[in-house]
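Here's a quick tour of one model, starting with its charged pairs and ending with its greasy side. Have a look at the sequence and structure first.

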Amino acid sequence: MLGIGMGELFIVLLVALLVFGPERLPDLARSAGRALARFNKTFEDIQREMNEGMKEVTRAAQVNVPRLDQLLDEPEKEIGRNGAGAQPAGGEAYVSAGEGQDEREDFSA
């Protein structure tokens, strides 16, 4: 428990008894217990909300993966319809002029 042994715990309780007295010590222990319980409940609520959010994200991703695959396939289908060597609109394309130089040629007829 937090690296505290029985001897250290006994000393802490003895000091608390001397500082707060026997009348206030039970009330302080009760208040500390309630605060710890409230902290644990808040932590569990946050953890549950995070898990629910992750489940929603996972579900949304699973639903959208087929749609994403379909969207990624559309450019390949578009290339297939236009032909493998389709030229850009306007009929211009870059061709290699040798030695790493590119020149623009007009392929429109």
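The salt bridges come to three in this predicted model, taking a salt bridge as a side-chain nitrogen of Lys or Arg within 4 Å of a carboxyl oxygen of Asp or Glu. Side chains of opposite charge can pair when their charged atoms come close.

| Arg 30 | Asp 27 | 2.9 Å |

A word on the ground rules. Residues are numbered from 1 along each chain as its sequence is written, and side-chain values use heavy atoms, with hydrogens and water left out. As this is a predicted model, local features need pLDDT of at least 70 and side-chain atom pairs count only at pLDDT 80 or more, while totals for chains, interfaces and linings use all residues.

Let's take Arg 30 and Asp 27 to begin with. They sit three residues apart in helix 1, so about one helical turn separates them. Helices here are DSSP runs of H or I with at least four residues, strands are runs of E with at least two, and both are numbered from the N terminus. Arg 30 is partly exposed at 44% relative accessible area, and Asp 27 is partly exposed too, at 42%. The scale goes like this: buried is under 20% relative accessible area, exposed is over 50%, and partly exposed is in between (1.4 Å probe, protein chains only).

What do the other salt bridges build? Through shared partners, Lys 41, Asp 45 and Arg 48 are joined into one network. Lys 41 and Asp 45 are four residues apart in helix 1, about one turn, and Arg 48 and Asp 45 are three residues apart in that helix, again about one turn. With 53% relative accessible area, Lys 41 counts as exposed. Asp 45 is partly exposed at 22%, and Arg 48 is partly exposed at 46%.

Now for the nonpolar side. Phe 10, Ile 11, Leu 14, Val 15, Leu 17, Leu 18, Val 19, Phe 20 and Leu 28 make a nonpolar surface patch of about 850 Å². Patch members have over 30% relative accessible area and no salt bridge; nonpolar side chains (Val, Leu, Ile, Met, Phe, Trp, Tyr) are joined within 5 Å, like charges within 9 Å. Phe 10 is exposed, because its relative accessibility is 57%.

Zooming out, the protein chain has one helix and two strands, in the order α-β-β along the sequence. Of its 109 residues, 4% are buried. The chain exposes about 9,900 Å², 60% of it from carbon and sulfur atoms; accessible areas come from the Shrake-Rupley method with a 1.4 Å probe, and for residues only the protein chains shown count as cover.
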